[in-house]
Amino acid sequence: TTWLQNILYNLVGQPDGPIEKLPISVPWLQSVEVSLEEIEEKKGPRVFKTHDYWSWLPEKIKDTARIIYCYRNPKDQAVSYYHHIKTLTQFYYGDRCKDMKFDKYFDEIYTRKEVAEFGLWEDHVVEWLEQKDRKNIHFLTYEDLKEDTEREVQKIAEFLGLSLSEDLMSSVLFNSSFDHMQQNDKLNYSWITNARDGFIRKGKVGGWKEFLNSEQEAYFDGPIRKVEAAGGKVRCEI
């Protein structure tokens, strides 16, 4: 979502000016960094971020907002979330996560619906896919975005009804490139992590191979089948 936040804010023309901090320019719907008054004063088109389930969204947003739902293959998502909670211990499960091994995390947090922050991956994705016929929701996968960013940015622009010049496309692609985001202190959350590679880590597809054992890999067969049965697309490699 951090990558998509940056893509979208640049794509709509940076309505509030150049980014000072990404979560200020593109706040969470439940933001604690930006007040309601500041959100109301933002120039349109406004871009917001959320990890919510479809059922959690305000009814007005469901009908009036243009929504882009991006999901990642669950194997890489599991690894990404592992590093996420180890980096941002103050926001999640505390210092006990700093030295937590992946196997312990997988058994005690990731695969436990009542413990993982947003429940199980497949529940979240399937609930959103049930809305796939809505004209105001655009679905894309992290893997598609990684495979051909320009192609997917073009699709997003068409969904939003935006004209996309060659110069704007070049600007969006540069400003949302992995190297640029990792090294840019306005985008990389270094004000929290105190490290440029702490939050924006690798940005690759297939990193799960370095972490999952055969039993953990097999665990995902069921969740992937559920998402595919709901009309989703899941690629764990590209």
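A salt bridge is here a side-chain nitrogen of Lys or Arg within 4 Å of a carboxyl oxygen of Asp or Glu. The model is a predicted one, in which local features need pLDDT of at least 70 and side-chain atom pairs count only at pLDDT 80 or more, whereas totals for chains, interfaces and linings use all residues. Residues are numbered from 1 along each chain as its sequence is written, and side-chain values use heavy atoms, with hydrogens and water left out.

**Salt bridges**

A search of the whole structure gives 14 salt bridges, and the table lists some of the pairs.

| Pair | Closest N to O distance |
|---|---|
| Asp16 and Lys42 | 3.9 Å |
| Lys113 and Asp123 | 3.2 Å |

The places of these residues are given by helices (DSSP runs of H or I, at least four residues) and strands (runs of E, at least two), numbered from the N terminus. Their exposure is given by relative accessible area, where buried means under 20%, exposed over 50%, and partly exposed in between, with a 1.4 Å probe and protein chains only.

The salt bridge between Asp16 and Lys42 links distant parts of the chain, 26 residues apart, since Asp16 sits in the loop between α1 (2-11) and α2 (22-25) and Lys42 in the loop between α3 (36-41) and α4 (59-64). Asp16 is partly exposed at 33%, while Lys42 counts as buried at 15%.

Glu217 has a relative accessible area of 30% and is partly exposed, whereas Lys75, at 7%, is buried.

In the salt bridge of Lys113 with Asp123, Lys113 is in the loop between α6 (102-110) and α7 (121-129) and Asp123 is in helix α7, so parts ten residues apart in sequence are tied together. Asp123 counts as partly exposed at 25% relative accessibility.

Salt bridges also link Asp144, Glu147, Arg151, Glu152, Lys155, Lys233 and Arg235 in a network.

Strand β2 (residues 137-141) is mostly covered, five of its five residues being buried. In a regular strand the side chains alternate between the two faces of the sheet. Both faces of β2 are covered, with Ile137, Phe139 and Thr141 buried on one side and His138 and Leu140 buried on the other. Strand β1 (residues 67-71) pairs with β2 in the parallel sense over five bridges, where pairing requires that DSSP finds at least two bridges between two strands. Cys70 stands opposite Leu140 in β2.

A pocket is, on a 1 Å grid over the protein atoms alone, an open set of points where a 1.4 Å probe fits, with protein on both sides within 12 Å along at least five of seven lines, and its lining residues have an atom within 4 Å of a point. The second largest pocket has a volume of about 170 Å³, a volume being the space filled by probe spheres set on the points. Its lining has 13 residues, of which Tyr71, Phe139, Leu140, Thr141 and Lys233 are the closest to its centre. The elements that give two or more residues to this lining are β2 and α9 (149-160), and the largest share, four residues, comes from β2.
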